[in-house]
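Dear colleague,

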Amino acid sequence: MTQYHDNKQAGYENLKIERQRDDTGMKLHKTVVLVGMMGAGKTAVGKELARMLAVPFLDSDEEIIAAAAMSIAEIFERDGEEFFRAREAEVIARLMRGAPGVLSVGGGAFLSEKTRELISELGVSVWLRADIELLWSRVRQKTTRPLLMTADPRATLAELLAQREPCYAKADLVVETLPAYAIADTARAVLTKLASRVDVLEGVAT
């Protein structure tokens, strides 16, 4: 029964892939993983990119929230960051082994060497690079960022950015996120970068 279910599911996935190619003229072979700081626009850009490619959009934070039945801030408070990072790595590994799509991961996820290697092996990473001013303008009013619950959240954000940029720079592709860019503009910029990777995406008009 299990084998039958697996074969049936595989058939559904193949059908979805063929429909995807028919609808868009593009075929995604590997999952596109958007990495970068909180406020870089990974979720918004990821949803638009997934729409353009007619593939599923997934968010590792949302998957963790659904599994734990609590918010990221609550997980940090109850179990600590180390516990959260371990669960985050497990969720990303599971999602990377699914059908090709667009995956947004938390700002700290790409710091893990093991996670970076897995993404490189099974997908392609895209760093949405943004400067401190843009990031701060987007996160300053939010109260759902546990790492910014400090006496000086802007200074904390700048410190995190400085610490993380060397890891983000190891991404396969880099796309600048600018204040003048609409979400669709950034998604199209990602699409243009992906066009250089025929192992990832085919059928992009150039």
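Helices here are DSSP runs of H or I with at least four residues, and strands are runs of E with at least two, both numbered from the N terminus. The crossing of α7 and α8 is right-handed, a term used if the near helix is turned clockwise from the far one by less than a right angle, with left-handed for anticlockwise.

On the α7 side the contact is made by I132, E133, L135, W136 and V139, which meet P153, R154, L157, A158 and L161 of α8; contact means heavy atoms within 4.5 Å. Sorted by type, the residues of this contact are eight nonpolar, no polar and two charged, with Ala, Val, Leu, Ile, Met, Phe, Trp, Tyr, Cys and Pro counted as nonpolar, Asp, Glu, Lys and Arg as charged, and the others, Gly among them, as polar.

Please bear in mind that this is a predicted model, in which local features need pLDDT of at least 70 and side-chain atom pairs count only at pLDDT 80 or more, while totals for chains, interfaces and linings use all residues. Residues are numbered from 1 along each chain as its sequence is written, and side-chain values use heavy atoms, with hydrogens and water left out.

Helix α4 (residues 72-79) has I72, I75 and F76 as its buried residues, where buried means under 20% relative accessible area, exposed over 50%, and partly exposed in between (1.4 Å probe, protein chains only). These three lie on the same side of α4, because they cover an arc of only 100° around the axis, the arc being that of the directions from the helix axis to the C-beta atoms. The buried residues of α4 pack against α3 (60-68) and α5 (81-96), whereas the face turned away from them carries the exposed residues E77 and R78. Just after α4, G80 takes a positive phi of about 90°.

Most residues other than glycine have a negative phi. Against that background, A69, in the loop between α3 and α4, has a positive phi of about 60° and is exposed, at 69% relative accessibility. A54, in the loop between α2 (42-53) and β3 (57-59), likewise has a positive phi, of about 55°, and is partly exposed at 36%.

The loop that holds A54 also contains V55, which is buried at 12% relative accessibility. V55 and K27 are 28 residues apart in sequence and 9.3 Å apart in space, C-alpha to C-alpha.

Two further buried residues deserve a look. E48, in helix α2, is buried with a relative accessible area of 18%, and beyond residues up to four places away in sequence it touches I183, A184 and A187. V105, in the loop between β4 (102-104) and α6 (113-122), is buried at 2%; leaving aside neighbours within four places in sequence, V105 is in contact with V33, L34, V35, K42, S60 and I92.
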